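I opened the notebook to look up contacts between side chains.

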Amino acid sequence: MNDMNGAADHAPVANGVINGGMSLPTGEAEDYQHPMDAEEFRRRGYEMVDWICDYHSRVEGLPTRSQVHPGYLAPQLPAQVPAEGEPWPAIMADVERHIMPGVTHWQSPNFFAYYPANSSYPGLLGEMMSGAFNTIGFSWIGSPAATELETIMMDWLGKLLDLPEAFLSSSGTGGGGVIQGTASEAEVVVLLAARARTLAQAGHSQEDQGRLVVYTSDQAHSSVQKACMISGTAHCRTLRTNAAHHWALQADTLEAAIEEDLAAGLIPSFVTATIGTTSTCTVDDIPALAAVCQKHGIWLHIDGAYAGVAAALPEQRHHFAGLASCDSFSTNMHKALLTNFDCCALWVQDAEPLKKALSLTPEFLRAKGNALDYKDWQLPLGRRFRALKAWFVLRTYGVSGVQGYLRHHFRMAAEFAELVQADPRFELSAPQHFGLVCFHAKGASRETNAALLEAVNASGKAFLIHTELGQGDAKQFMIRMAIGGTHTQPRHVRAAWAAIQEAADAILAPTSAPANIEVAAPDTDQC
């Protein structure tokens, strides 16, 4: 090896110093002493559990939405890592002083924004244990229990939701479930699977990739468009919905778009329909859409990120008709099923296209059990032991506990919708579905409704967000009340309505006195 390429390999060492000044350790290596040992961790761990319990006890008294402004934190923290380690009490003091003011409290029972981010004590314990194991379960041999428990949990959950048999690993038909981080990740995964299946069909090749078309509705989550961006899908058709059909995607709209694209020489490949859309929680016409997709050989994915867990309730299963004719289905346990973020359940009826799109096993990962590797069902290589917290939650609550929890929230949402309808100043913007109620001040401008919403949020008593539906002059500003927090009880829903009425009293022109309706459902703390 010449000097230029290999000088460092042959540099002489004397007294622990390489020529050029680089120091090397000399003598026998000593044990490294961590700044927090097991006994201090035991003590601090007990303190942290106490802190979490105290936080949950006091969180409903904190401003639900953070009141800070962008950039608030940098001036309060040092610009670099401390030269020496700091004591744990000083770190926790800074959490209270600097971090807590910038936290929007998603676990507050007064949090009604977006969709819920459920957590539970069994889920937290599972997360703690998963963190202790800290397995990187990309392959079966990397931690057999992590892989096999996930397979079992996905079948457990699939049976709880009464999914078609073909979605279960135990069916032996080639389908199964996998835990993704989020529904957005699931969207990318199944889009890639659909692309692989389409291009493998007779008459198609890899050169046709630029002709593939993805379809979804204007009410679907933005993750569909982002999946197209990530996958390089050039043709992403966003199909319009309308108020006449409560903003649900219709089969004739999809059929017309497909026929138009076929005539243009494009290749329809993938459709995402939704059970529980982001804005109004509406349900697309799944059976009719599935018939169109089957006619044209198109992959149909059902995004049930929030509302999918409602299939655990027999009285809600009519919303899930047609799943047997769909290729994939996903729902987030971390939204409405008591399992802290992140835990998205994805099922496919046929895993082969998914594996074809995502399988890659370099030599250093070849080992016993490769056929079971979940790395071939997802985008990243590494994966967390998420099945553990799902197992803890499902065993602790059981079928009856899960069903009672969901009914508790849906009942409160129905009663909130009654309160809205009883006040002549307000009206529902869309039918109430599951735990979501959309409403607005009747006859008021967008600016007035926005001011009313901001007044509620600025008060700290509750946190809600808005959406807008329609086009042009017909566009409607709606306030969304998403009821589904782990600790939310009827008294919190009543308090939110009182805050809304208080804001309305100050902002809206006086009208007839609103009705005073009591929500009679009892408090039944579920966690």
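**Aromatic pairs**

I counted 17 aromatic pairs, where rings of Phe, Tyr and Trp (its six-membered ring) pair if their centres lie within 6.5 Å; planes under 30 degrees apart are stacked, over 60 edge-to-face, and the rest tilted. The model is predicted: local features need pLDDT of at least 70, side-chain atom pairs count only at pLDDT 80 or more, and totals for chains, interfaces and linings use all residues. Residues are numbered from 1 along each chain as its sequence is written, and side-chain values use heavy atoms, with hydrogens and water left out.

I looked up Phe111 and Phe463, which pair edge-to-face at 5.7 Å centre to centre with 80° between the planes. Phe111 sits in the loop between α3 (88-99) and α4 (121-133), and Phe463 in the loop between α13 (446-458) and β13 (465-469), so this pair links parts of the chain 352 residues apart. Helices (H or I, at least four residues) and strands (E, at least two) are DSSP runs, numbered from the N terminus. Phe111 is buried at 3% relative accessible area, and Phe463 is buried at 6%; buried means under 20%, exposed over 50%, and partly exposed in between (1.4 Å probe, protein chains only).

Next I looked up Phe416 and Trp497, whose ring centres are 5.6 Å apart with planes at 90°, so the pair is edge-to-face. Phe416 belongs to helix α12 (residues 387-422) and Trp497 to helix α14 (residues 490-507), 81 residues apart. Phe416 has 0% relative accessibility and counts as buried; Trp497 is buried too, at 5%.

I also noted one aromatic cluster, formed by Trp106, Phe111, Tyr114 and Phe463.

**Salt bridges**

I counted 23 salt bridges, each a side-chain nitrogen of Lys or Arg within 4 Å of a carboxyl oxygen of Asp or Glu.

Glu39 and Arg42 form one, with the closest N and O atoms 3.3 Å apart. They are about one helical turn apart, because 3 residues separate them in helix α2 (residues 38-58). Glu39 is partly exposed at 48%, and Arg42 is partly exposed at 45%.

Glu255 bridges to Lys295, with the closest N and O atoms 3.3 Å apart. Glu255 lies in helix α8 (residues 251-263) and Lys295 in helix α9 (residues 286-296), so the pair ties together parts 40 residues apart in sequence. Which of the two is buried? Glu255 is buried, at 17%, whereas Lys295 is exposed, at 57%.

Asp376 and Lys375 meet in a salt bridge of 2.8 Å, N to O. Asp376 is buried at 7%, and Lys375 is buried at 4%.
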